[in-house]
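Here are my notes on the model you sent over.

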Amino acid sequence: MSKPLRTALILLPLACLSFPAVLAQQAESDDATEPSSTAREIEAITVIAEQTFFTLRVQIEEAEEEAFALFNELNSSDEYDMTCTVEVYTGSHLPQRDCMAAFLRDAISQNVQDYVQGIDVQLTRDQVESTVYEKAGELEAEMTRLILTNESLYQAMVKLTRLVGALETKKRR
């Protein structure tokens, strides 16, 4: 007896034994594929992928705009209003996004005007910030108070903080 024939004779009884099980399984799957009123369609599939630096930065800018717009609307003084600008600093060709309160922007502007007029020396941003230290404390207190009392601002700040944290984590990898 040839080897292929012997193999066929061995497999034939096994196939006969498993055939009824295959037919029963196929009948169950046919019942399952029939349209029924209880079957639900997939509404949406969410794919979560690792975010790129670019998408994180864009989301941070959007979150800053949202949070600061809400803060500016709620705060008690226009000098606490936060604005963000894109600037290219001396010695660099790379634009940088910079967010600061109106009182700090005014203090920097006043220092530059005084320097140009010969009234004062030009200070660095850190030095100007130290001159308005009390106002910075007041701004922090105002922001904390509003975050604790306004749910929308709280949520916007949480979103911003999470995005900045994700960006910092990604930078460390």
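1. Overall layout. This is a predicted model, and the protein in it has 6 helices and 2 strands. Read from the N terminus, the elements follow the order α-α-β-β-α-α-α-α, with the two strands set between helices.

2. The protein has 173 residues, and 19% of them count as buried. Taking the contacts between residues at least 6 apart in sequence, 51% join residues at least 24 apart.

3. Confidence. The average pLDDT for the protein is 82, and 78% of the residues score at least 70. Helix 2 (residues 53-74) has the highest confidence, at 96, whereas helix 1 (residues 3-33) has the lowest, with a mean of 49.

4. Please be careful here. Over residues 1-9 the pLDDT stays under 50, and the model has 2 contacts beyond four places in sequence for them. Where pLDDT is low, the predicted coordinates should not be read in detail.

5. Helix 5 against helix 6. How do the axes of helix 5 and helix 6 cross? The axes of helix 5 (residues 133-149) and helix 6 (residues 151-172) come within 5 Å of each other, and the crossing angle is roughly 110 degrees. Helix 5 is therefore roughly perpendicular to helix 6. On the helix 5 side, the contact involves M143, L146, I147 and T149; their partners in helix 6 are E151, L153, Y154 and M157. By type, the residues of this contact are 6 nonpolar, 1 polar and 1 charged.

6. A closer look at E151. This residue belongs to helix 6 and takes part in the contact with helix 5. Is E151 buried or exposed? Its relative accessible area is 52%, so E151 counts as exposed, the cut-off being over 50%. The side chain of E151 also makes a polar contact with the side chain of Q155, at 2.7 Å.

7. A closer look at Q110. You will find Q110 in helix 3 (residues 102-116). Q110 counts as partly exposed because its relative accessibility is 41%, which lies between the 20% and 50% cut-offs. A polar contact of 2.9 Å links the side chain of Q110 to the side chain of D114. Q110 and V128 are 18 residues apart in sequence, and their C-alpha atoms are 9.8 Å apart in space.

How values were computed. Residues are numbered from 1 along each chain as its sequence is written. This is a predicted model: local features need pLDDT of at least 70, side-chain atom pairs count only at pLDDT 80 or more; totals for chains, interfaces and linings use all residues. Side-chain values use heavy atoms; hydrogens and water are left out. Helices (H or I, at least four residues) and strands (E, at least two) are DSSP runs, numbered from the N terminus. Buried means under 20% relative accessible area, exposed over 50%, partly exposed in between (1.4 Å probe, protein chains only). A polar contact is a pair of N or O atoms within 3.5 Å; within protein, one must be able to donate a hydrogen and the other to accept it, and residues adjacent in sequence count only if both atoms are side-chain atoms. Axes are lines fitted to C-alpha atoms, for helices over the stretch in contact, and angles run from 0 to 180 degrees between N-to-C directions. Angles under 35 degrees count as roughly parallel, over 145 as roughly antiparallel, 65 to 115 as roughly perpendicular and the rest as oblique. Contact means heavy atoms within 4.5 Å. Ala, Val, Leu, Ile, Met, Phe, Trp, Tyr, Cys and Pro count as nonpolar, Asp, Glu, Lys and Arg as charged, and the others, Gly among them, as polar. pLDDT is the predictor's confidence in each residue, from 0 to 100.
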